[in-house]
Amino acid sequence: MKLRSWQSECVELALTRFRVHPHFMCLATPGAGKSVMSAELAANLYRAGMIDFILCFAPSREVSDGLARTFEHRLGRRFDGHIGAIGGAYTYQSMAYLGSKFWEMLDRYRVFVVFDEIHHCAGANRSNTNTWGKEILEHIQDRAAYTLALTGTPWRSDKRPIVLSRYGSDGIKCDYTYGLRDAVFDNVCRKPNIVLIDNDRLAIEEQGERQEFAGISAFLTDSKKAYRSILNNDAALHHCLELGVKKLNHLRKSTPSAAGLVVASSVSHARKIEQILRGQLSQSVNLVTYREENPQRIINRFRLGDQPWIVSVGMISEGTDIPRIQVCCHLSSVTTELYFRQVLGRGIRKTQECDGETWLYTFAEPKIVEYANRIAEDLPEYEVLFQGAEANSTKDAPRQLCTLMPVTRNTSSTEEANPLASGEWISEMLLPNAVEKPHSMEFLGTFTQKLCGLILP
C-alpha cells in the first residue's frame with residue numbers, strides 16, 4: 001500500500017514515541033486518510049512483534065465497518081473479532097455491553113487500541129467523563145499495550161477534556177498534526193469553498209405588527225427569532241438548494257458521478273427539502289433518516305451509485321466515506337463549530353474519479369459566518385480551551401478569499417426533535433427546541449453570497 005508523505009511521517013513518529021510512551025494522538029483533517037495511516041501503524045507494530053491483537057472503536061457502525069475493511073485489507077487477515085481474527089472494530093456504544101471477559105483480553109495479550117474521532121469521548125477523570133469516556137478510563141487506559149487516538153476536530157463544544165489527551169495553557173497537545181491547508185496544498189484534499197447566503201431586506205409580521213431587518217444577522221439579533229425560522233422559509237430554502245443544484249449540474253458535466261448532500265434539521269424538514277428538490281428543481285433524490293428502513297443500505301447504495309442528491313438527518317456525518325460528494329447544503333439548526341467542520345469534511349475527500357474543489361452552501365447566521373472566516377486555521381480559536389480557560393491567542397488572522405456577489409432577487413413549524421440521541425455522537429449535536437409565537441416571514445430584498453475559501457502559498 002503506497003502511503004502519502006504525511007502518513008509515512010506520522011507512522012514513523014508514532015513508532016518512535018511508543019518506545020517511551022504508550023499513547024499517541026494524531027490530528028489530521030477529514031479526508032486525509034487517517035484510517036489507512038492507523039492500519040499501517042498496526043501492521044508495523046505486529047510485524048515487529050510488539051502486539052498480539054488490535055481493537056478499533058468509532059462513533060458509528062458505518063465508521064467501524066470502514067475501519068474493519070481497511071485493517072483487513074492492509075493486514076491480510078480477518079478483522080471480524082471472531083476466533084482466528086487479528087482484531088475487530090466496534091462502536092463506542094457497544095463498549096458498555098462487551099463484558100468483563102472481553103476486557104480481560106487486554107491483561108492477557110498485548111493489545112493495540114485505535115480510537116477514531118476520539119473527541120466524542122470526554123474525561124480526564126471520573127468527575128468529568130461522559131458515557132464513552134468512562135468506559136475507556138475504566139477498561140482500556142493503563143491496560144492496553146499501545147493506544148492511538150484519531151481526530152479531525154480535536155475539541156468538544158462542552159469544553160470538557162478529551163479522554164487520554166494532554167493539555168497545556170494553549171489547549172490540546174497533539175503528537176502529530178496535519179491540517180486542512182497542508183492537505184489542500186499537498187493535493188490530498190479538495191479545496192473547500194463556503195458560500196454564505198444573505199438577504200438585505202427581511203420582514204416579519206407578528207400579532208399585527210410588521211418589522212423589517214437589513215440582513216439575517218440583524219433579524220436573528222433584533223427579533224430574537226431562532227435560526228430555524230430561516231431554515232424553514234420556503235424562499236430561503238429554494239434559493240440555497242437552487243444554488244447547490246446549479247453548481248452540481250456544472251460539476252457533473254466533467255464528473256458525471258459527482259454528488260450533493262443536504263444536511264437537514266429534522267425528518268419533517270428533510271422531507272420538505274426532498275419535495276423542493278424533486279418537485280421544483282427536478283432532481284433525483286435519496287432520503288436517509290432514522291425512520292427509513294435500513295438507512296445503511298440507502299447510504300451504501302448512494303455511495304456506489306451515480307444519483308445526484310441525498311438528504312440526511314444525522315446519518316451522514318464524520319467518518320462516512322462518500323468521496324463523490326462535492327456539493328453540500330448545510331441546512332441544520334445545529335450551529336456549533338464542531339458540527340460545521342464535520343459537515344464541511346464530507347466533501348473534501350479527493351479521489352482519482354472526483355477531483356477539483358468542494359462547495360458548501362449555507363446561510364449567514366452569525367456563528368457560521370465566524371466559523372467560515374476561520375476555516376484557514378487548523379484549530380478554532382475559542383473552542384480548544386480546556387475547562388473554560390481564557391483565550392490567549394496570538395495567531396495571525398487567517399488568509400481568506402471573501403467577495404460579495406449580488407444575484408437574482410427572490411421574494412417570497414415547529415421542528416421535530418431528532419431522536420437519534422442514543423449516544424453522545426448524536427446528542428452532542430442537538431439543540432433544545434424553543435417555543436416561538438407564530439409569525440410570517442418574507443425575503444423582500446436581493447439575495448447575496450459571500451464566498452470564503454483558502455488562499456494557498
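How many bridges pair strand β2 with strand β4, and in which sense do the two strands run? The answer is 5 bridges, in the parallel sense, between β2 (residues 53–58) and β4 (residues 111–115). What you're looking at is a predicted model, where local features need pLDDT of at least 70 and side-chain atom pairs count only at pLDDT 80 or more, while totals for chains, interfaces and linings use all residues. Residues are numbered from 1 along each chain as its sequence is written, and side-chain values use heavy atoms, with hydrogens and water left out.

- Helices (H or I, at least four residues) and strands (E, at least two) are DSSP runs, numbered from the N terminus.
- Two strands pair if DSSP finds at least two bridges between them.
- In general, strands of a sheet pair through backbone hydrogen bonds, either parallel or antiparallel.
- Here, 6 strands make an open sheet with parallel pairing, in the order β3-β2-β4-β5-β1-β8.
- β3 and β8 (176–178) are at the edges with a single partner strand each, so one side of each has no neighbour in the sheet.
- From one strand to the next, the twist averages 15° (axes are lines fitted to C-alpha atoms, for helices over the stretch in contact, and angles run from 0 to 180 degrees between N-to-C directions).
- Helix α1 (residues 5–17) lies across β1 (23–28) and β8, and runs at about 160° to β1.

**Rings that pair up**

- Rings of Phe, Tyr and Trp (its six-membered ring) pair if their centres lie within 6.5 Å; planes under 30 degrees apart count as stacked, over 60 as edge-to-face and the rest as tilted.
- By that rule, the count is 16 aromatic pairs.
- One of them is Y90 with F102, an edge-to-face pair at 5.5 Å centre to centre with 80° between the planes.
- Y90 belongs to strand β3 (residues 87–91) and F102 to helix α4 (residues 100–103), so this pair ties together parts 12 residues apart in sequence.
- Y90 and F102 are both buried (buried means under 20% relative accessible area, exposed over 50%, partly exposed in between, with a 1.4 Å probe and protein chains only).
- W359 and Y361 form a stacked pair, 6.5 Å centre to centre with 20° between the planes, and both are buried.
- One aromatic cluster is made up of F57, Y90, F102, W103 and F115.

**Charges over rings**

- A charge sits over a ring if NZ of Lys or CZ of Arg is within 6 Å of the ring centre and within 35 degrees of the ring normal.
- The charged end of K247 sits over the ring of W359, 3.8 Å from its centre.
- R324 does something like this with F302, lying over its face at 4.2 Å from the ring centre.

- Strand β12 (residues 259–263) is mostly covered, with 5 of its 5 residues buried.
- A259, L261 and V263 point one way from β12, while G260 and V262 point the other way.
- β12 pairs with strand β15 (residues 325–330) in the parallel sense over 5 bridges, and G260 stands opposite V327 there.
- β12 also pairs with strand β14 (residues 309–312) in the parallel sense over 4 bridges, where the bridge partner of L261 is I310.

- 3 strands form an open sheet with antiparallel pairing, in the order β11-β10-β18.
- β11 and β18 (440–443) are the edge strands, each pairing on one side only.
- Strand β10 (residues 202–206) and β11 pair in the antiparallel sense over 5 bridges.
- R210 is in β11 (residues 209–213), and R210 is the bridge partner of E205.
- R210 is partly exposed, at 42% relative accessible area.
- Beyond its neighbours within four places in sequence, R210 is in contact (heavy atoms within 4.5 Å) with A203, I204, E205, E442 and L444.

**A buried lysine**

- K350 lies in the loop between α13 (337–345) and β16 (357–363).
- K350 is buried, with a relative accessible area of 14%.
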